[in-house]
Amino acid sequence: MTHSITEMLLASLPFYPLISFLLLIAFGKRLSWHIASTLSVGAMALSTISSFIVINQLSSQSPVLTVHLWNWFELSLTESSSAQINMSFYLDGLSAVMISVVTGIGLLIHMFAAAYMKDDENFTRFMAYMNLFIVAMLILVLADNLVLLYLGWEGVGLCSFLLIGFWYKERANVLAARKAFIVTRVGDTAMAIGLFMLFKELGQLNINDLSESASTLWIVGDEPPYWIALLLLGGAVGKSAQLPLQTWLPDAMAGPTPVSALIHAATMVTAGVYLIARMNGIFLLAPEVMNYVAWLGASTLLLAGVAALAQNDIKRVLAYSTMSQIGYMMLSLGAGAFSAGVFHLMTHAFFKALLFLTAGAIILALHHQQNLFKMGGLLKRLPFETALFAIGLVCLMALPGSSGFFSKEAIIAQLWSSNTAGPLLWYCAIFGALLTSIYSCRLFFLAFLGERRFDHELQPSSSKLLKLSLIALAVLSIIGGIFANTLDISLLVVFPSNSPSNLNEPHWLHSVAIATPFVGIIFSWFYFSDYRNSNHGNSNNVVFQDKPSALVMFCRQGLGFDQLYDVLLVKPYCYLARLNRRDFFDQLIMLNAWYVDICHDVFKSSQTGKIRWYAAAIGLATALLLLNLGIEYLSLEAS
Amino acid sequence: MSEIPLSHVLILASILFTIGFVGIIARKNTLFILMSLEVMLNAVGVAFIGAGSAWQQADGQVMFVLVLTLAAAEVAVGLALLIQMQRRFKSLDIDLLSKLKG
């Protein structure tokens with residue numbers, strides 16, 4: 001295939017879903033389900049196929065591919081120097097991984113969504129937003145400069161907002177959407193300031209040039225890269241739901257389940273990971289920030305693991321587990337193990353999409369019941385979904401052989417001897433893995449084992465589209481580990497090689513890491529034995545009453561972060577807003593209005609409507625004019 | 001026949017014009033206002049004729065014919081309006097027509 005065709009395919013990647021989005025929005029409800037789903041899924045399929053063709057063109061000889069579409073605008077720093085901001089796409093190993101995940105998983109989730117949302121009255125709007133999300137996400141990962149990346153970054157934020165609040169008639173959904181938007185905006189603001197600083201310091205925003213000039217201009221430990229990396233980290237933290245800004249993700253589960261799978265598990269929330277990986281040149285110059293990244297990741301993964309243990313909503317368990325898995329990715333990036341983090345990003349996208357979609361299928365079968373304590377005994381009644389969910393959980397727990405195992409072990413293996421991580425973080429990661437396996441088992445026991453605790457008859461979906469996408473995801477989750485080698489090779493050019501110095505590592509590290517999930521399983525087998533044993537004829541079992549203790553309630557609400565922010569930020573802000581309702585500056589501006597109002601009154605009073613007065617005014621004015629002319633004439637005569 | 005100087009004609013025209021104008025301002029009755037308007041138009045006509053004869057040009061008389069036709073048309077419209085006004089308000093008081101008050 002010639003070079004130009006490849007370039008054209010790369011350039012057109014985001015345009016298939018864009019066209020589909022425009023058509024769906026333009027024609028809206030006039031399209032039947034068949035046309036709308038063919039359009040949106042077809043556009044995704046085209047995108048997927050062309051992205052795989054393009055990725056195949058990447059080789060060790062030509063590891064990058066760029067395509068320039070048009071000049072967007074020019075940013076000038078001073079009179080003389082300016083930087084051209086282009087609409088250009090840049091494909092290397094890292095963005096290749098991202099576009100294959102975005103389009104591949106996106107296609108499967110679109111297929112699922114077409115079946116899942118079939119009966120919704122706003123089906124076309126839903127698919128349009130999903131397509132728009134893919135457009136923004138592709139722009140984000142393909143951008144060759146940070147301004148374009150920021151466009152995609154805000155675009156996915158917008159789509160996330162629109163899709164969380166998709167069922168906008170319920171107040172809770174709208175509040176969740178608003179919360180997600182505002183909380184991520186905090187991070188985005190930090191990121192924008194980081195971009196301004198970058199541009200001020202380096203005078204350009206092209207990602208490749210940035211890394212080069214940063215490494216020539218600064219040395220490790222300089223002040224500017226420290227602040228820039230910290231600010232960029234702020235953006236990543238907001239988007240990826242890490243520790244200070246994590247509160248929006250569990251609430252975001254208010255959206256339809258395909259949205260949770262696509263945006264809040266597989267793609268958008270990993271944008272922060274992508275950002276840090278992409279800007280590794282800057283981050284490597286600021287080892288302290290790398291250390292912060294690692295600690296943020298570790299504390300998030302522990303916090304989310306603890307919170308996941310106490311949830312009663314199946315989707316919220318998965319949301320917290322997403323948070324903790326992204327914590328692993330952050331930890332890995334912070335430790336300098338970039339390719340391991342990106343690999344975990346990919347496998348996580350596979351199995352978390354599978355988990356979410358299977359959960360969606362189960363929720364659909366249970367008439368939108370999401371409470372784990374109202375499930376139970378699904379193993380016999382939904383064997384297909386159970387098997388798929390079990391596959392997803394095995395990957396999540398990283399049992400040997402599954403895709404999660406390869407990626408998570410790769411991360412954990414590099415922690416101990418990393419300069420920016422260390423043994424303490426290794427212990428955190430191991431404890432996190434233990435927590436992961438415990439909450440996974442709890443989820444499995446509650447939902448699938450034990451006795452039946454739901455009232456309505458099951459109504460499993462028989463859609464082939466739905467099953468096909470689930471099976472494809474399950475296969476990817478199982479065999480995801482085989483991509484490890486290709487990924488490492490393609491990422492070799494993107495990331496600096498970190499020389500592993502495993503000399504002073506204790507020899508028991510790997511065996512402990514492998515054994516940890518099994519310890520968790522054995523522990524929960526006995527600890528949660530009430531959940532898995534079916535007690536027939538004992539319907540008012542105490543275990544399933546779900547009367548949580550104060551501690552459990554505290555964990556269920558995400559360890560009190562919501563309340564903390566409410567007291568620290570939301571309440572004072574609302575109080576100030578109320579206090580300052582008659583804003584001083586507002587009053588200053590209102591002076592203008594007041595002045596205009598006075599003038600209006602004055603001139604209004606002259607409009608009496610009495611025609612004789614008007615005539616008199618005209619006469620008077622004419623007389624005055626004539627008098628003036630006469631005086632002027634006389635003075636001319638005199639001189 | 002002795003020549004009448006232009007200044008005399010203009011003074012007469014000004015006096016007529018002022019009389020008409022004062023009539024417009026002072027009278028309340030719309031009919032009288034219309035009549036005052038006619039007086040003003042004729043004042044202008046006198047000025048035109050005087051100027052035309054002073055410079056021996058036909059333009060002055062042409063303009064007067066124009067003013068005359070205009071005045072006739074204006075009177076036709078004005079009287080029609082007066083009839084309407086009498087019907088609606090049962091009065092010809094011009095101050096009643098003040099709906100355009102700001």
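This note goes through a predicted model point by point.

1. **Overall make-up of chain A.** Chain A has 28 helices and two strands. Its C-alpha trace spans about 120 × 65 × 50 Å along the principal axes. Of its 639 residues, 49% are buried. Now look at contacts in chain A with a separation of 6 or more. Residues 24 or more positions apart account for 81% of them.

2. **The largest core.** The largest nonpolar core holds 212 residues. Which residues touch the most other members? They are A:Phe133, A:Ala353 and A:Leu354. Helix 16 of chain A, residues 338-365, gives the most to this core. Its share is 18 residues.

3. **A closer look at A:Phe133.**

4. **Two helices side by side.** Find helix 3 (residues 33-57) and helix 5 (residues 123-142) of chain A. Their axes come within 10 Å and cross at roughly 10°. Angles under 35 degrees count as roughly parallel, so helix 3 of chain A is roughly parallel to helix 5 of chain A.

5. **What the two helices bring together.** On helix 3 of chain A, the residues that meet helix 5 include A:Trp33, A:Ala36, A:Ser40 and A:Met44. On helix 5 of chain A, the partners include A:Phe123, A:Met127, A:Asn131 and A:Ile134. By class, this contact has eight nonpolar and five polar residues. No charged residues take part in the contact of helix 3 with helix 5 of chain A.

6. **The strand pair.** Strand 1 of chain A covers residues 65-76, and strand 2 of chain A covers residues 82-91. The two run antiparallel and are joined by 10 bridges. A hairpin of five residues joins strand 1 to strand 2 of chain A. Which residue stands opposite A:Leu75? In strand 2 of chain A, A:Ala83 does.

7. **Where the chains touch.** How many residues of chain A are in contact with chain B? There are 10 residues of chain A, in contact with 11 residues of chain B. Helix 28 of chain A, residues 611-638, gives the most to the side of chain A that touches chain B, with five residues. The residues on that side of chain A divide into three nonpolar, four polar and three charged.

How values were computed:
Residues numbered from 1 in each chain as written. Chains lettered and ligands numbered in written order. Predicted model: local features only at pLDDT ≥ 70, side-chain atom pairs only at ≥ 80, totals over all residues. Core = buried A, V, L, I, M, F, W, Y, C linked by C-beta atoms within 7 Å. Buried ≥ 20, exposed ≤ 12 C-beta atoms within 10 Å, placed from the backbone. Helix = DSSP H or I, 4+ residues; strand = E, 2+ residues; numbered from the N terminus. Pairing = 2+ DSSP bridges. Contact = placed C-beta atoms within 7 Å. Nonpolar A, V, L, I, M, F, W, Y, C, P; charged D, E, K, R; others polar. Axes fitted to C-alpha atoms, helices over the stretch in contact; angles between N-to-C directions. Parallel < 35°, antiparallel > 145°, perpendicular 65-115°, else oblique.
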